[in-house]
Amino acid sequence: MVRKDMGLVSQVFQEEDLLHLQGFAAVGHTRYSTTGSSRIENAQPFVVEGPNGRIALGHNGNIINADLLRAELEAEGREFATSTDSEVIAHLVVTAPGRDWGERLNYVMRRARGAFCLTILTDEGVIASRDPQGIRPLSLARLDGGFCFASETCAFDHLGATFIRDIEPGETIFIDGEGVHSWKMSEEAKPEGAREAFCVFEFVYFSRPDSYLRGERVYPVRTNLGAMLAREHPVDADIVIGVPDSSTAAAVGYARESGIPYAEALVKNRYVGRTFIMPDQRIRDQGAHLKYNALREVLEGQRVVVVDDSIVRATTTRRVIAMLREAGAKEIHMRVTMPPITHPCFFGIDMGRRWELIAARETVEEIRQTIGADTLGYITSQGLTGAIGQGADSFCTACFTGEYPMPVPLELDKLSLETPSWVRDAHDIDWEPQQPVTPSGQPSA
């Protein structure tokens with residue numbers, strides 16, 4: 001049985017809905033869209049039938065060759081009802097060759113390029129699988145004699161589950177009545193050049209501070225980032241504030257390291273979401289306007305260090321600094337725990353296209369002038385990975401280096417799968433991979 005709809009979980013699921021969901025296993029999903037528009041057809045999980053039986057699939061990530069895979073699957077007679085890459089990978093799973101789920105998911109890993117963590121419900125049990133480069137997190141826990149999976153470990157705390165371990169890159173786990181079965185993709189079977197490439201933005205912003213990532217609690221990592229910023233970009237000031245909520249820990253770290261008192265001067269409206277992923281600039285401007293309110297009693301006449309996790313388009317940053325000025329701040333010193341974001345993400349974070357990223361168009365000094373700060377300091381790439389304390393070569397840092405862990409298209413249209421196949425055929429699209437870019441971000445020869 002499937003129950004899904006648009007909106008927040010609390011809006012979609014009422015107690016009477018849950019009473020009708022009977023069974024011993026389930027998968028659930030809340031969608032953060034990176035491919036396909038936000039509409040009910042694209043809501044997950046997807047129920048798909050094929051030679052390997054019927055499955056219900058939930059997917060976190062982004063498949064960069066979904067258009068090519070979909071064209072191949074349509075040529076084999078598979079029919080699609082949505083415009084999302086998640087339906088593509090669901091069809092790929094149910095048609096994959098192999099004697100067991102381990103072999104089938106290994107085939108999927110060889111064919112699908114990009115980031116994907118999958119939870120799959122079958123008639124026999126539940127599968128969890130993570131792409132060979134481990135770009136997005138996925139973890140396993142024990143709950144009341146059974147098991148559960150989640151994209152963030154903080155979910156286990158709410159359920160009263162006991163965290164066991166992360167699913168490894170290239171690993172597939174199948175849980176049935178007989179227990180836990182694990183298959184690990186061999187290094188030789190992985191796509192050529194594949195290396196571990198965990199998204200560094202998960203540590204900086206995307207994950208909740210109470211989660212664990214690769215064995216590290218996110219909150220102290222973010223305080224380390226703030227401390228590193230204080231060492232790399234010191235300044236004389238009266239107070240340190242964070243842009244709530246993702247930058248609070250980093251602001252605490254900056255304050256401790258610098259000896260400047262930490263203060264709360266921005267109040268966040270809990271009912272406005274992430275403005276950098278809103279689809280229209282006018283809506284982003286309005287969202288930023290409604291997102292925060294400043295406390296004049298804390299700010300008036302003060303020299304303020306403002307710590308934020310990142311500057312993507314600068315919509316929110318510009319508004320926040322203007323708000324602090326209006327509340328009487330004497331000086332504003334902007335400090336950022338992510339290096340300048342100059343390249344789009346193709347692996348599951350909807351930052352927009354390159355021309356929309358302010359650091360791809362302007363220098364640091366130009367950005368300072370644009371946002372209206374007295375000074376602006378970004379953490380260095382070495383400072384970032386040093387503060388996290390894990391090997392720099394095990395992360396994906398493409399959003400600020402342009403060095404993607406695999407070939408990527410020049411542009412990835414979020415709505416590319418909205419176009420029906422007969423329209424694509426009519427335009428004689430040859431379905432070859434789009435031209436990759438070099439580590440510098442330029443088209444390859």
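How many aromatic pairs are there by the ring rule? The count comes to six aromatic pairs. Under that rule, rings of Phe, Tyr and Trp (its six-membered ring) pair if their centres lie within 6.5 Å; planes under 30 degrees apart are stacked, over 60 edge-to-face, and the rest tilted.

Before selecting anything, note that this is a predicted model: local features need pLDDT of at least 70, side-chain atom pairs count only at pLDDT 80 or more, and totals for chains, interfaces and linings use all residues. Residues are numbered from 1 along each chain as its sequence is written, and side-chain values use heavy atoms, with hydrogens and water left out.

**Stop one.** Select Phe198 and Phe203. They make an edge-to-face pair, 6.0 Å centre to centre with 70° between the planes. Both Phe198 and Phe203 are buried (under 20% relative accessible area; exposed is over 50%, partly exposed in between; 1.4 Å probe, protein chains only).

**Stop two.** Stay on Phe395 and show Arg214. Arg214 lies over the ring face, 4.4 Å from the ring centre of Phe395. Such a charge counts if NZ of Lys or CZ of Arg is within 6 Å of the ring centre and within 35 degrees of the ring normal. Then select Trp101: Arg104 lies over its face, at 4.7 Å from the ring centre.

**Stop three.** Select Phe346 and Tyr404. Their ring centres are 5.3 Å apart and their planes at 70°, so this pair is edge-to-face. Phe346 is buried at 4% relative accessible area; Tyr404 is buried at 15%.
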